[in-house]
Every structure is written in C-alpha cells, then in structure tokens.
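Q: Could we go through this structure together? I would like to begin with the charged side chains.

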Amino acid sequence: MSNKVTIAGAGLAGSLLTVMLAERGFEVDLIERRPDMRKVDISAGRSINLALSNRGLRALREVGIEEEVMKEVVPMKGRLVHDLQGNLDMQPYSGREGNVINSVSRGGLNKLLLDKAETYPQVNIRFNTRLDKINYINKTYSLRDQNDLTVVEDDPFNVLIGSDGAGSSVRLSYQLGGVPRFSFSQQFLDHGYKELEIPPGPGGTYRIDGESLHIWPRHDFMMIALPNFDGSFTVTLFQKFKGENGFDEIWNEDQLMAFFKKDFPDLIEYMPNLVDDYFSNPTGNLATVKCHPWNHDGDACLIGDAAHAVVPFYGQGMNASFEDCRVLVEKIDENMAGGNAPDWEVIFAEFFKERKADGDAIGDLAIDNYMEMRSHTANPLHKMKRELELKIEKEHKDFDSKYSLVTFRDDIGYSQAKSQGEIQDKALLEICMWADSVDQINANDAYNKLQEILKSQQ
Ligand code: FAD
C-alpha cells in the first residue's frame, strides 16, 4: 500500500508526475475531472500555447521526452515590440546565442505525457472523474462521475497529490479544516485575458515574424502573440475588466473595431476572425495563489498551480510546475535510497521546505513582469538597461541578467534568481541613468561593478 499514490488532476504537472512515479515503480491512480483530451477537443479558447524554457525542459529530459517535445516547438529568440505607429523593436531574450524560449502546444504536450503515462501497466487513469470531499481521518475521498453525476463515497487512498490546478479541490479540503492553521491568499488582477488568433498565411507561412514573441505594449493593457507550429499565432489580449480601455467598454463589433483601429491598427489585416473570436472566447481571470503549508502530514501534498498559481507574465507557471515534479521525485529518491520504504511525511516536508520560497518568488516576479511587458519594453531607460545587460551577457559567460537567471538557469531556485536579479537590476539602472546611450557605457566596468556589489551582499 505504501507504493500506491493518487494524483488529482491530469493536467501538465499531474501527468508528468505520474510518469516520474511510474518509472520508479509506484502504482498511480490518476483522477481527471475532464474527458480524455486525446478523444474530445477541450481547448475552448484558453491558453493554447505556452513558453517552455530550461526548467521545464530539464524535467522533460529526466523522463526522456525532451527531444520528442522539441520536435514540435517554435523557438522564440526575443520580444518583438510593436509600437502604435507600427515600428518594430527586437529585444533578444539573451546576449548569448541559443538562449531561446519555446512556444509549445499545451494540448500536444499534455497528450504526449498522457500517452507516456499509459505505457506503464501500473498507471490507472480515470477521466470524467472529479475528486470531491476528502476525509483525512479515515483517508478516503468521494469521486463524482462528471457524466451521470453519480458519486462514489469513501474511496480509500494511501497518499494523495493535488495537481488539480489553480482552483484545487485538494487545497480547498485543507481550507475546510483538513489542515489546522492553513494559510491561503488568492490575489486577482483587475486585468483579465482573452485569446484570439492570427491564422496561418498561404501554405502554412507566418503572417508576422515566426521567431519572436510579439508584444504590443500599451501601458495599461497589452497584446501578445506566440507562434504555433502550423503557422498560426495565438494572440492574447490583456486588459482591465472595467474602466477606460476595459473589456466592459466593448460590447459590439463597432466598439471592438474602433478599439483595434486606435490601439492595434497593424493587427487588423491579420485577424480575419477577430470579431467572432473576441465575442465567442471566454474572458479569463488572472490570480496569484500563495498558501502554507502545501503538505498535510504524510497524507497529501500540493504541487503546480494548486500550490502556487502565478499570473502568466514570466511564462513560468508550467515550468515551475514541472520543476516541482523534478524536485519532489528528487526528495523521494533521497528518502528511499538504500531500499527504504517511502516516508511520505518526511518527503513532503522536505519538498515544501525547498519549494515554498521559490513558489512565492515566481509569483512576485510574474506580477513585476506584467509592468515590464506592458510599459517598460517601451521605456527608454529600461530599454537601455536591457541593452546593457545583453552586452554584458555577450562578453561575460558567468553573468546572467535577471531574465536569464529565471528563464535559462535550471540549477538555482526562483528565490535566488529573484534576489540576485533585483540587486543587479537596481545597479544597472543606476549606471544607465548617467548615460545617454548604451554605447557610452563600458560593459567591462559595469560587469566589475556588479560583481563587487553582489560580493558585498553575500
Ligand atoms: P493545470 O494545467 O491547470 O491542470 C490541472 C488539472 O486538474 C486539469 O486538467 C483539471 O481539469 C484538473 N482538475 C481540477 N480540479 C479537479 C478535481 N477536483 N478532480 C480531478 N481533476 C481536477 N506557463 C508557462 O510555463 N509558460 C507560459 O507561457 C504560460 N502561459 C500561460 C498563459 C495563460 C493565459 C495562462 C492562464 C497560463 C499560462 N501558463 C504558462 C501557466 C500554466 O498554464 C500553468 O502554470 C500550468 O498549466 C499548471 O499546471 P498544473 O498541472 O498545475 O495545472
């Protein structure tokens, strides 16, 4: 029985963790509220593609599917910023060749992970099955069949892992008294998002540059577009729910077209389905979830969005969730070294201890990056700072900008990336304030100054 694990949620984290546990010989019961996405289309206008970067790739490498995933990604070298006049400004993600982020299909990746999970005979996946109430005293839960709404009560479990996303039922069970003194916060943005599309051009070509993540920063709102493998782009509009330039100001085609003509005139010709997409796709909420603890003795543990949902502006939610899976199995391996049976209480406590600060850090970084994307990408001082850090990265292999520490490193936690990155950002901005252009700044001197500051803060 100590070898049996129930995982709630067969999304990105749940299906990857299933593979990792099955590889180690665990019997896994994977419970998913929705139908099997390999048989039923459930994309419904929500986050069709995602930016996959080094932390996520490391976890995929560990289950041997990195190469297969990389065959169908679109590498993005940088942000291509579109101003109101239609001018373009390419801002690379790194000063070093090869540091790219990868646009990947959420559905494609999830299906691949489910296929891989099903290759293990000891994995049992139950779709259309919602985990409801959990009783930690007698270690049972109730399961609701999503088709006929019948409920199976008192199904026993050994160990439960909640990878059931931002609205987690496992986390809710903690809140409802499952875990004494459970702390929880959910901070909604007053901005939401809507997914739109630029369809492929003739012969599956890209209508706009296919090697960049496009941004149309407009200070209080913005649009982004990520390329898909088939030549299309998934376009996401982020704006306030209410007020000037808000979703509540656009109720009909005339209002929508007037908004686009004023703020995104260059996009209209590429979006023939704009009106339909805008009015039929849902408007999504964006929230940061923080909670404490993630573990309930040796009985249950939260991972991924269930533990730390973040807003999408650093492109790290999935990467962080995959990193959770990697760290959790690392703790399992350490605990079981020498052939011991798993001590789940110790494993979960150590996992929480290592990852809590990182979950909080990526939540904060993602909020900060919203400001950076919708405003700083168009601000001259911040642009100069960015040019300087790229120049230093090019010349000094041991320097990583804050963006690179978060995105291209997989050997330090987000909390270290955040604290080091913030010290660097402050120093770089101070250096830039005294210059009119990056050409006036000596990258070597700036590098030495950064090293000095970092050393003095250790
Ligand atoms: P999910 O993927 O949400 O999976 C949870 C699963 O649990 C779902 O399948 C759900 O049906 C199931 N479930 C829920 N409740 C129950 C229940 N009671 N019983 C059984 N099953 C249940 N991340 C990046 O790394 N890069 C990006 O570029 C990026 N872009 C994003 C853009 C947008 C617009 C959004 C909204 C998010 C983005 N993210 C991105 C974040 C990323 O989508 C999430 O961090 C990631 O999906 C978290 O994975 P998860 O497995 O924890 O949760």
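Q: How many salt bridges does the structure hold?
A: The structure holds 35 salt bridges, a salt bridge being a side-chain nitrogen of Lys or Arg within 4 Å of a carboxyl oxygen of Asp or Glu. This is a predicted model, in which local features need pLDDT of at least 70 and side-chain atom pairs count only at pLDDT 80 or more, while totals for chains, interfaces and linings use all residues. Side-chain values use heavy atoms, with hydrogens and water left out, and residues are numbered from 1 along each chain as its sequence is written.

Q: Which residues form a salt bridge with Asp-36?
A: Arg-38 does, with the closest N and O atoms 2.9 Å apart. Lys-39 also forms a salt bridge with Asp-36, and there the closest N and O atoms are 3.8 Å apart.

Q: And is Asp-36 buried or exposed?
A: Asp-36 counts as buried, at 8% relative accessibility; buried means under 20% relative accessible area, exposed over 50%, and partly exposed in between (1.4 Å probe, protein chains only). Arg-38 is partly exposed at 25%, and Lys-39 is exposed at 70%.

Q: Moving on, where do Glu-330 and Arg-326 lie?
A: Both belong to helix α9 (residues 317-336), four residues apart, so about one helical turn separates them. Helices here are DSSP runs of H or I with at least four residues, and strands are runs of E with at least two, numbered from the N terminus. The side chains of Glu-330 and Arg-326 meet in a salt bridge of 2.8 Å, N to O. Arg-326 is buried at 7% relative accessibility, whereas Glu-330 is partly exposed at 28%.

Q: Which residues are linked with them in a network of salt bridges?
A: The network links Arg-326 and Glu-330 with Arg-55, Glu-323, Asp-324, Arg-355 and Asp-358.

Q: Turning to the whole chain, how many helices and strands are there?
A: The secondary structure comes to 14 helices and 21 strands. The radius of gyration, taken over C-alpha atoms, is compared with a globule rule of 2.2 Å times the number of residues to the power 0.38. The chain has a value of 23 Å, close to the 23 Å that the rule gives for 458 residues, so it is as compact as a globular protein of that length.

Q: What share of the residues is buried?
A: Buried residues make up 56% of the 458 in the chain.
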